[in-house]
Amino acid sequence: MDKVLAECPDIPCIVGGKEVRTGKTSKQIMPSNKSHTLCTYHQADQKTAMEAAHAALEAKTHWENLPFADRASVFLKAADLLATKYRAEICAATMLGTGKNVWQAEVDCTVETIDFWRFGVKYATEIYAMQPPENDFGVWNRMEYRPLEGFVLAVTPFNFLAIGANLNSSPNIMGNTTVWKPADTTILGSWLIYKILKEAGLPDGVVNFVPGQPVDIGKLITHPNLGGLHFTGSTKTFNHMWKTVADNLDTYHAYPRVVGETGGKNFHVIHESADVDHVVNSTVRGAFEYQGQKCSATSRMYVPSNLWPQIKEKLVAATKAIKQGCVTDFEVFMTAVIDETAFDRISKYIADAKASSSCEIIAGGGCDKSKGFFVEPTIIETTDMNYTTMREEIFGPVLTIYVYDPAHFSSVLTAVDKGSSYALTGSIFAQDRYVIAEAAAALRNSAGNFYINDKSTGSIVGQQPFGGSRKSGTNDKSGSCLNLLRWTSARAIKETFIPTTSITYPSNSPLP
């Protein structure tokens with residue numbers, strides 16, 4: 001950590017393996033100590049972005065024709081490097097740069113990234129093995145899983161470095177080349193990911209690293225050789241990019257693949273048969289881990305009135321006991337939110353709730369950006385099931401609770417399903433199996449990742465493929481073979497060994 005705090009590197013764009021310093025620089029600062037700069041970085045202009053696309057296209061032929069075992073070895077070696085040589089450094093960069101405590105940093109930038117790379121190779125191996133089960137006599141059928149034509153644009157978020165790694169590696173493993181726009185608030189960690197891949201043997205031009213403003217990098221959306229867009233971020237941005245693709249369909253060499261994971265308004269539904277202590281502990285973690293800055297974070301909760309007094313007492317006590325501070329203190333559970341823009345957005349939601357007659361702040365509510373961007377873990381109790389914070393994604397440490405009559409459990413399930421435009425994650429807490437079955441059926445389309453007696457966060461690669469539908473994204477399930485298949489264009493090949501000797505059918509022959 002001391003090393004990362006002291007270095008403050010100057011990070012270039014990388015185009016075709018070459019460093020490009022545009023002179024248009026910006027800084028990445030610590031969220032919990034905004035006076036400290038972690039790195040400066042060069043932002044790509046439109047010219048650099050277009051050169052990156054050209055470099056990706058130039059590198060593509062050699063990369064896609066490289067035997068799969070050779071492509072796979074790059075990512076397997078990268079996983080081993082990350083697990084050993086770079087583990088401490090990248091954890092420090094993630095903690096300091098994105099405000100994660102040591103536990104959250106470890107499970108993200110090392111464990112999950114390693115899993116994405118190793119399981120990615122495993123899933124690709126399984127995809128290539130999916131071949132036609134039947135061959136007629138004298139015929140050989142086979143499937144070729146070609147990479148997409150063109151390059152893939154990877155636009156990645158601040159909240160998980162593993163996502164930044166995976167949004168490139170999933171297309172890369174299948175033979176595609178990428179242009180990578182990392183989030184401005186995660187440049188240092190993203191730079192380390194790129195360096196690890198290069199040390200692992202990634203050829204020049206396979207990944208082109210171009211931090212920059214959306215107005216400049218966004219021009220790549222209209223590039224005629226755009227093969228695909230791999231995106232994680234806000235629904236608003238994804239909608240804009242998809243509309244841009246739609247407006248330019250006549251200009252593309254082939255229809256681009258559009259894969260995106262956006263927001264969530266994730267729920268915990270509590271039934272009166274639930275284990276109260278388990279509900280409390282799961283909800284505190286689901287809502288306030290990483291300051292609620294997970295797309296899967298628990299942000300709305302429905303509690304039966306007969307359990308509410310004891311849940312409220314324990315939930316408020318547990319929330320008030322959370323230690324919050326700088327990431328350099330390994331005892332903290334929460335630190336600061338990512339930047340001032342996030343701080344201002346979250347604090348406005350809290351201020352509005354304080355002013356609302358239908359809301360009561362029962363825990364937290366404090367906001368302070370004098371040194372870093374600190375927002376207390378906040379719980380709002382509302383009497384309005386459709387209040388703003390029950391519907392809109394906040395992306396911060398704010399949980400809103402609606403207390404319901406347990407006799408109306410079934411109607412509450414309907415309200416949960418209809419209460420948000422998102423459908424990413426959600427949980428039911430109950431001991432009654434009939435209730436669990438009822439909730440699972442009623443909420444079938446309300447969440448792409450549905451949890452039974454578990455918090456709404458924490459999907460693991462290889463165990464719970466992640467993604468949602470509705471306004472939460474295209475549900476292409478990162479961490480599974482389904483996502484890798486999106487970066488292929490399959491070709492069915494039939495080879496005939498025995499020549500055709502006649503144009504007539506057996507039925508054309510005269511009867512004996």
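This is a predicted model: local features need pLDDT of at least 70, side-chain atom pairs count only at pLDDT 80 or more; totals for chains, interfaces and linings use all residues.
Helix H11 spans residues 308-320 and comprises 13 residues. The distance from its first C-alpha to its last is 18 Å, close to the 18 Å expected at 1.5 Å a residue. Within H11, the buried positions are Trp308, Ile311, Leu315, Val316 and Thr319. These residues lie on the same side of H11, because they cover an arc of only 120° around the axis. In an α-helix there are 3.6 residues a turn, so residues three or four places apart point the same way. Pro309, Glu313 and Lys320, by contrast, are exposed on the other side of H11. Packing against the buried residues of H11 involves helix H10 (276-288) together with strands S12 (266-270), S13 (298-304), S14 (359-363), S17 (378-382) and S18 (398-404).

A helix pair is formed by H14 (residues 409-418) and H15 (residues 433-442), whose axes come within 10 Å and cross at roughly 30°. Because of this angle, H14 counts as roughly parallel to H15. The crossing of H14 past H15 is right-handed. At the contact, H14 contributes Phe409, Ser410, Leu413 and Asp417, which meet Val435, Glu438, Ala439 and Ala442 of H15.

Asn449 is located in strand S21, which covers residues 449-452. This residue counts as buried because its relative accessibility is 5%, the cut-off for burial being under 20%. Beyond its neighbours within four places in sequence, Asn449 is in contact with Leu424, Thr425 and Gly426, with Ser459, with Gln464, Pro465, Phe466 and Gly467, and with Lys477.

Notes
Residues are numbered from 1 along each chain as its sequence is written. Side-chain values use heavy atoms; hydrogens and water are left out. Helices (H or I, at least four residues) and strands (E, at least two) are DSSP runs, numbered from the N terminus. Buried means under 20% relative accessible area, exposed over 50%, partly exposed in between (1.4 Å probe, protein chains only). Contact means heavy atoms within 4.5 Å. The expected span of a helix is 1.5 Å times one less than its number of residues. The arc is that of the directions from the helix axis to the C-beta atoms. Axes are lines fitted to C-alpha atoms, for helices over the stretch in contact, and angles run from 0 to 180 degrees between N-to-C directions. Angles under 35 degrees count as roughly parallel, over 145 as roughly antiparallel, 65 to 115 as roughly perpendicular and the rest as oblique. A crossing is left-handed if the near helix is turned anticlockwise from the far one by less than a right angle, and right-handed if clockwise.
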